[in-house]
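Please look at the sequence and the structure shown here before reading on.

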Amino acid sequence: MKKWLKILIVLLPITFLSSMCETNNGLEIPYIRVDLHLIIIGELGNPAVFTSKLIDGGVSGIIIYREDLDVYHAYDRTCTQWPDHTKQVVEDAEFDGVFTCPECESMYLLLTGADPIGGPATFGLKEYYTVIDGPILHVYN
């Protein structure tokens, strides 16, 4: 947990400063219908808190992030700086919970709502709605 705190202390000011600019080259992430029902223990492998799992769906794939025992987030893997390119954000090899765009090198921190923490991106990753219904995680838009 100390590692997360250090990352947060270092990256929070960067996130604040980067959110002051509002451009993504005038491009929007395309709308694709998402309506997934995932078995938490089976299909997701019952991920630990502060971990993520990659699944198919959305525009470029979806990151399922478990924030707490009953709190999940689902983010599209499309970079918000260049939504029209075909590359997906990928998990950073050095930092847990950080995803990086291989095209523009924008970095997104899942712990802060997938907000950008580096690179040219100024908008966080697109988030889908999530609801837990017993053993099922419903992801939709």
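The mean pLDDT of the chain, where pLDDT is the predictor's confidence in each residue from 0 to 100, is 84, and 81% of the residues reach 70 or more. Over residues 10–24 the pLDDT is below 50, and this stretch has 19 contacts in the model beyond near neighbours in sequence, a contact being heavy atoms within 4.5 Å. This is a predicted model, in which local features need pLDDT of at least 70 and side-chain atom pairs count only at pLDDT 80 or more, while totals for chains, interfaces and linings use all residues. Residues are numbered from 1 along each chain as its sequence is written, and side-chain values use heavy atoms, with hydrogens and water left out.

- Strands are DSSP runs (E, at least two residues), numbered from the N terminus, and two strands pair if DSSP finds at least two bridges between them.
- Five of the six residues of strand β4 (residues 71–76) are buried, so β4 is largely enclosed by the rest of the structure; buried means under 20% relative accessible area, with a 1.4 Å probe and protein chains only.
- Strand β3 (residues 62–68) pairs with β4 in the antiparallel sense over six bridges, and the two form a hairpin with two residues between them; Ile62 has Asp76 in β4 as its bridge partner.
- β4 also pairs with strand β9 (residues 127–133), in the antiparallel sense over two bridges, and there the bridge partner of Ala74 is Tyr128 in β9.

**The open sheet**

- Four strands form an open sheet in the order β5-β6-β7-β8, with antiparallel pairing.
- β5 (90–91) and β8 (115–118) stand at the edges with a single partner strand each, so one side of each is left without a neighbour in the sheet.
- Strand β7 (residues 107–109) pairs with β8 in the antiparallel sense over three bridges, and Leu109 stands opposite Asp115 in β8.

**Nonpolar cores**

- A nonpolar core is a set of buried Ala, Val, Leu, Ile, Met, Phe, Trp, Tyr and Cys residues joined through side-chain atoms within 4.5 Å.
- The largest core has 13 residues, and among those that touch the most other members are Ile63, Tyr75 and Leu125.
- A second, separate core of twelve residues includes Val34, Ile64, Tyr72 and Ala74.

**Thr78 in its loop**

- Thr78 lies in the loop between β4 and β5, and this residue is buried, with a relative accessible area of 1%.
- Leaving aside neighbours within four places in sequence, Thr78 is in contact with Ile29, Val59, Ser60, Pro83 and Leu125.

Conventions: Buried means under 20% relative accessible area, exposed over 50%, partly exposed in between (1.4 Å probe, protein chains only).
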